[in-house]
Structures are given as C-alpha cells and as structure tokens.
Amino acid sequence: MHDWMPAVTATTPTTPPDANVGLARLTKLVETDDPAEATVQLAALLEDAEGMDALAAAWRSSPDRVAALVMRLGAKKGMRQRAGRLERAIREAALRQSRAEAEGRLQVAMERSTALPLAEALAPVLGAHVLPVGLRSPPGWEVSPRGVAKLRVSPDSGNVNAVDVAHRPLLIEGRYRDVHDNSVTYALAWAGAGGGWHLHPVPRAKAADARGLVAYAAHDAPVTSNSASDLVAYLDDFEAANLDAIPEARVTSQMGWHGTGDERCFLWGRSVVRAGGTVSAGAVEDLPPARWVPRQLHLLVTEPGVRALADGFRVTGTWEGWLDAVNAALPYPAAMVALYASLVPPLMAFFPTLANFIVDFCGETSRGKTTTLRLAASVWGNPDERGGGIVVSWDNTRVYVERAAALTDYLPTFLDDTKRARKSEDVGRTLYDFASGVGRGRGSLQGIQRTSRAHGVLLSTGEAPATSFTNDGGTRARTLCIWGSPFGGCSADTLVAVQRITAGVLDHHGHAGPRLLQYLLGLADAGAGLRRLYAWRVEEWTKLCNGNPVAGRAAQYVAALDVAKWLLHEALGVPAPTSDPVLVAWEAVIKASAEADRASDALRDVLSWATSQQHRFYGRLEGEPSGNDAPTGGWLGAWASRADWRALAVLPTELRGFLERQKYDAEAVLRVWEQRGWLLRDEGHRTRKATIGERKERCFVVARAGADAVSGEPVEADPAP
Ligand SMILES: Nc1ncnc2c1ncn2[C@@H]1O[C@H](COP(=O)(O)OP(=O)(O)OP(=O)(O)O)[C@@H](O)[C@H]1O
Ligand SMILES: [Mg+2]
C-alpha cells in the first residue's frame with residue numbers, strides 16, 4: 001500500500017459544516033408549534049446555504065436522526081409537501097458535499113504524487129542511470145519504484161485509491177524525431193524485472209495503441225494485454241504533462257547524405273562526417289536522454305537485427321596499415337575494381353542519372369572472391385563476414401537484406417556467396433529490388449510501409465553468376481559480372497597477396513570512406529568538376545559501345561568506377577596500379593554483351609532453320625500425316641501452325657547438333673536463353689515435355705517472346721520475377 005494514502009484520505013480540504021448546528025436548527029423547526037411561524041422558518045432555512053450545509057452534514061453523519069425529524073415535520077398539518085421539499089434539498093446538498101470532498105482529496109493526492117521529481121522518486125530503481133530533470137508523474141497517476149498506479153475516487157467511500165496498472169515503473173524518457181518525416185519514436189524506459197533500468201526505442205504510433213504496446217512485453221516491458229489500454233492512456237498523460245521536460249533528439253533512420261549548405265553532412269554508421277571533421281557517437285538508443293546533445297544528428301536503429309551492421313561502419317587500425325593491404329591488391333585489377341565500386345555510392349548524390357548497379361564476382365571456390373569483397377568493404381568499416389561486420393551472407397532473409405540496403409543509403413551493400421541463399425528466387429528478387437532502387441523501408445521507424453529510394457552499389461559473390469538467378473532483363477543490364485578468379489588464378493604469389501589483404505583489412509579499416517567524404521564535403525564547386533569528369537567519362541565509354549544498349553548502360557557504371565579510381569589515387573593519394581583496372585570491368589561488359597549478342601544470333605539461326613524444315617515439326621503443316629507417320633529423316637520437334645504460336649519445341653539432340661554445326665557454343669547459348677527467360681521449362685528442368693506424334697518428348701522449348709525479341713518485333717517488358 002502506498003504510505004501516503006492514509007494521510008491523504010484522512011485529509012478534508014475545508015472545515016466541515018457543523019452537523020450539530022444543523023441538527024439543532026432542524027429540531028427547533030420541528031418543535032415550533034405555530035404553523036405560520038414554522039413555514040417562515042422553513043423558507044428561511046431553504047434559502048440559507050450555510051444552514052443547509054450544516055443540515056447536509058447532519059444527514060451524512062446521522063441520516064436516521066435527520067430522517068426522523070423530517071418525518072415529524074411532515075406529520076404536522078399542512079407541512080407534508082414542505083417537508084418533502086426539505087428532504088430533497090438536504091440530500092442534494094449532502095451529495096454536493098461528498099463530491100467536493102472527494103475532489104479535494106484527489107487534488108491533494110495528485111499534488112502529492114506529482115510534486116516529487118521522478119529522478120528522486122525512482123532513485124532506488126535507477127541505479128547509476130540519470131533521468132532528465134523535471135520529469136514528474138502526470139496528474140491522476142502515481143509513478144513510484146512499485147510501479148504505475150492510477151488515482152481514483154472510490155464510488156462507495158469517496159476515498160482516493162491508487163489502483164496498480166503496472167508492477168514496475170515505465171515512462172517516456174526521451175523523444176527521437178526523424179529529420180525526414182518528423183515521425184516520433186519514444187525512448188521508452190522501464191525497470192527490468194531482474195533489476196536495472198532499460199531504454200527501448202518504441203515508435204509513438206505503437207505506444208499509442210494497446211496492441212502495439214503489448215508487443216514490448218517480449219522485451220520485458222511491464223505491460224500485459226490487461227494493462228495495455230490503461231498504459232496507453234497513462235503514456236499520453238505522461239507526455240502531455242512532461243512535454244517540456246522530455247528531451248528530444250534529431251535522428252535519421254538512414255545513413256548517407258543529409259542537410260544542405262552549412263548543415264551538409266554524411267551519416268557514416270553512428271558518426272556524422274562534416275566539412276570540419278567527424279563526430280563519432282555511440283548508439284543513440286543506449287545513450288540516456290539526459291545526456292543527448294541538442295541539435296546533433298544521430299542514426300536511430302530500431303531493428304535489433306541490423307544493429308550489428310550499423311555498428312560495423314567504424315574505424316579501426318591505421319591508414320598506413322590499410323594502405324599496406326591495398327598495395328598487395330594493386331597487381332590484381334578485379335580486386336581494384338571492387339575497391340572502386342565501394343567508393344561509388346556517395347558519388348550518386350553528385351550524379352543524379354547514375355542508377356543503382358550490381359558488381360558480381362563469380363567463379364569457382366577458393367579463388368579469392370570473399371577476400372575481394374572484404375577488401376572493398378574495408379573502405380567503410382569492419383569487413384568480417386563472420387559477424388559484427390558489414391559484409392553479410394546471402395543466407396540472410398530477403399527482408400533483412402532489404403532493411404540493410406535501406407539503412408545504408410549512399411553506401412555499398414556487400415553480400416557474400418549466392419550459393420548460401422535460402423531460396424534461389426530470393427537472390428533474383430533481391431537483385432531486382434536493389435537494381436530498381438526500391439527500399440520498402442519495412443524496417444523503418446514506425447513500422448510504416450514507407451517507400452524510400454535507396455542509393456547504392458551491391459557487391460555480390462557466388463560460384464554461379466548472380467544474373468543466373470533472374471530472368472529480368474533490367475536486372476541483368478544493371479549487373480557487371482566479373483567472371484573468374486579476381487586474382488587471375490591461383491599460385492604462391494596470389495596466395496601471399498590474398499593472405500596479406502585478409503590480415504590487413506581485418507585489422508585496418510574504415511579509413512578511406514570518411515576521407516573520401518571529407519574530400520567531397522570540401523569541394524569548393526559543389527562537385528561541378530566531378531560531374532564534368534563523370535560526364536566526359538560516360539561520353540568516352542559510350543563511344544565504345546557501338547550503339548549496343550546494354551553496353552551503353554554499363555558505360556555509366558564503368559564511368560563511375562573511373563571517377564572513383566581518380567578519387568582514390570589522386571584525391572586520397574592511394575598508390576595507383578600500373579595497368580588500368582577499369583579496363584577489366586569494361587572487358588566484362590563487352591564479354592557479357594557479346595555473349596548476349598551471340599545468343600540472339602543463335603536464336604535467329606534456329607528460327608530460320610526451323611522455317612526451312614517446317615515439315616519436320618509436328619503440328620506445323622496443314623494436312624499433316626498423323627500418328628507415327630514421321631517425315632523422312634524423323635521429327636525435329638513440334639511447332640503449332642497458328643500465326644500466334646506460343647512455343648517452338650526442338651528435340652535436345654537436334655538443337656545441340658544444329659548449334660554446334662553452326663559453330664555456336666551450345667551450352668553458353670542455352671544458358672543465356674535460359675537467363676533471358678526465352679526457354680519454357682518444367683520445374684526442376686531446363687526442358688519441357690512436348691507432344692510429337694504419338695509420343696511426349698522432353699524438348700528445349702523456345703518461348704514466342706524470345707523469337708519476337710530477336711526478330712525486332714515489339715516485346716512486352718519482362719515482368720518482375
Ligand atoms: N587466388 C588465390 N590463390 C591462392 N589461394 C587462394 C586464392 N584465393 C583464395 N585462396 C585461398 O582460399 C581461401 C579462401 O579465400 P576466399 O574466401 O576469398 O575464397 P572464395 O573465392 O570466396 O571461396 P568460396 O567460393 O569457397 O567462398 C584463402 O584464405 C586462401 O587460402
Ligand atoms: Mg567465399
């Protein structure tokens with residue numbers, strides 16, 4: 001029981017009217033024999049507020065005596081109705097009196113409960129934690145080490161009771177305000193069941209809803225489905241009563257560029273990089289609101305799952321130590337391309353036409369793919385993919401990857417080993433989402449489905465090309481696939497390099513990124529020179545595309561790598577390699593587009609061959625012999641005769657034979673067709689069953705869309721996978 005309660009309950013706010021005075025006056029009235037005199041006295045009494053108060057007091061202390069007297073009065077001749085009126089008036093006055101007293105008590109109780117600063121009242125459970133000054137219990141509630149109680153007047157006794165709502169104290173200790181959309185997240189605080197004081201970010205929208213609030217029971221918040229709606233009301237009152245005392249922090253849920261003019265800065269992990277220097281801060285979720293620095297911008301991470309990622313963007317070791325690792329990578333162009341790609345995302349704010357793209361390192365195992373990814377990641381932070389770092393495995397869920405990409409805006413995303421993806425369609429879907437720049441912000445503040453564009457470059461590794469996981473042409477066009485060992489093979493030399501890079505970047509990382517940002521923030525011309533450099537490089541690379549649209553797109557990515565190369569070696573002073581690594585990226589583009597063109601040529605050839613051999617395709621010719629009447633030389637496949645045929649089925653041996661006779665690499669061709677979605681397949685097969693004569697045979701089945709694509713017919717855009 002609350003120790004101040006008896007004191008408050010016993011207190012009555014004003015001197016109570018004297019019941020004896022009231023009784024005496026009523027007795028005198030009853031004993032007046034003269035009816036006229038009694039009538040006059042009664043009328044005077046009804047008009048006399050003080051007298052009525054005294055009578056009401058008498059009624060409340062001894063209702064029976066007052067009732068008896070009133071009855072005697074009513075028994076007198078001509079007084080029955082008047083006595084009735086008196087009784088009603090006494091009852092009303094008594095009710096008013098008890099209400100006023102209860103309110104008075106509540107008032108006193110509230111003053112008692114709100115007077116004590118919570119920092120003092122909660123001292124026993126706060127330990128070393130410092131509460132903001134000026135926080136108090138809101139009127140009508142009492143917050144104490146025993147919990148949160150609601151003050152209420154008992155309808156029977158009129159006494160004030162404190163009804164327990166939560167068994168441990170809970171309060172709003174701070175408010176995070178998002179600089180993008182003004183959304184508010186509370187720093188909700190409570191005493192833990194096993195002791196200690198806990199801070200937890202809770203979107204305001206969730207704290208305003210009983211069901212939303214109950215979810216925090218899982219985090220040990222003192223809330224249940226029974227108390228949640230009372231606590232929602234309590235938090236509302238708490239916020240209203242303490243608005244001036246609750247500190248507010250400026251936060252953002254995304255890293256990357258923020259602000260304009262003098263306010264221009266870059267959120268890199270938990271740190272803010274400005275033209276003057278870098279302000280490093282810890283996780284704002286753990287910082288007591290009393291210690292928040294006004295105006296400072298913080299990264300707020302409400303999803304525990306991506307906290308490690310956010311904290312992985314940090315500096316360790318020395319710049320010289322990192323340079324040593326880069327020196328070991330200098331002779332290996334593909335590794336250097338990864339490094340350049342890692343520097344591109346912050347530049348995207350300067351080159352608005354540069355869209356998200358993917359750099360994919362694919363090839364056989366133990367050839368240095370993960371090492372290359374680590375080197376690239378070391379530009380920004382801890383590159384350890386085994387935990388606590390910014391390189392994450394493809395085996396994370398799609399939602400996680402989406403949240404991670406949304407969190408690290410204007411920074412690269414590193415995903416290691418497509419082979420480990422839980423579902424291969426997730427890889428395709430993630431690539432598609434990334435390339436189209438849609439971060440659904442599912443992990444954002446408020447849990448609102450906020451659609452935000454996330455900018456970045458995705459660096460991925462895997463044994464198979466990342467593009468083999470998707471049929472979407474757009475995604476493939478946005479992927480630079482660097483095939484083979486990033487170290488050009490496997491030898492004693494490469495092993496030494498791989499080991500030196502690994503050891504170097506694990507101990508020394510997070511230096512180059514902030515240096516690049518400082519350089520960009522210090523640009524006198526707001527990046528006009530950089531934009532000119534980029535535009536010029538795009539122009540140069542585009543000239544080499546011969547109008548090939550896929551290569552034309554890649555020219556932009558390669559141009560961005562070119563600018564990043566310049567920044568790394570010229571602006572940051574990192575030693576340059578002797579040969580140009582960007583050429584390797586370009587070769588990859590050329591190879592990919594050449595391979596793509598070969599595949600188109602092959603399909604054109606197959607179509608013309610099939611047309612010349614129509615009589616050998618089942619279903620193609622009118623009046624065709626049915627059943628087993630195979631044409632001379634046998635069936636090649638099946639092909640409907642309608643102009644709007646949907647599929648051309650060719651027996652595998654016949655198709656491979658034809659392609660090989662035409663000097664195509666049948667396997668490469670089929671792979672590209674498959675990647676492009678030109679092959680209709682049964683699940684788990686590359687082929688599909690088709691009816692040829694009386695039999696069903698497995699065939700390679702070319703979709704009409706493929707034929708249309710190579711014949712220059714208008715083709716519907718690929719649907720999202
Ligand atoms: N080019 C190379 N030459 C010699 N040894 C190498 C080379 N690349 C990798 N290794 C060896 O393989 C180990 C693993 O390297 P890394 O993780 O970078 O390979 P990976 O290509 O990612 O392999 P996986 O496909 O299995 O993930 C290295 O520690 C090193 O011992
Ligand atoms: Mg690997």
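Two strands are taken to pair if DSSP finds at least two bridges between them, and both helices (H or I, at least four residues) and strands (E, at least two) are DSSP runs numbered from the N terminus. The model is a predicted one, in which local features need pLDDT of at least 70 and side-chain atom pairs count only at pLDDT 80 or more, while totals for chains, interfaces and linings use all residues. Residues are numbered from 1 along each chain as its sequence is written, with chains lettered from A and ligands numbered from 1 in the order in which they are written.

**View 1. The open four-stranded sheet β8-β9-β10-β11, with antiparallel pairing.** Because β8 (256-258) and β11 (277-279) stand at the edges with a single partner strand each, one side of each has no neighbour in the sheet. Strands β8 and β9 (residues 265-268) are joined in the antiparallel sense over three bridges, and Phe 266 in β9 is the bridge partner of Trp 257.

**View 2. The contact between helices α4 (residues 49-61) and α6 (residues 80-115).** Their axes, which are lines fitted to C-alpha atoms over the stretch in contact, with angles running from 0 to 180 degrees between N-to-C directions, come within 8 Å and cross at roughly 80°. The two helices α4 and α6 are therefore roughly perpendicular (65 to 115 degrees) to each other. Residues in contact have C-beta atoms, placed from the backbone, within 7 Å, and they include Met 52 and Trp 59 of α4 and Ile 90 and Gln 97 of α6.

Definitions and conventions. Angles under 35 degrees count as roughly parallel, over 145 as roughly antiparallel, 65 to 115 as roughly perpendicular and the rest as oblique. Two residues are in contact if their C-beta atoms, placed from the backbone, lie within 7 Å.
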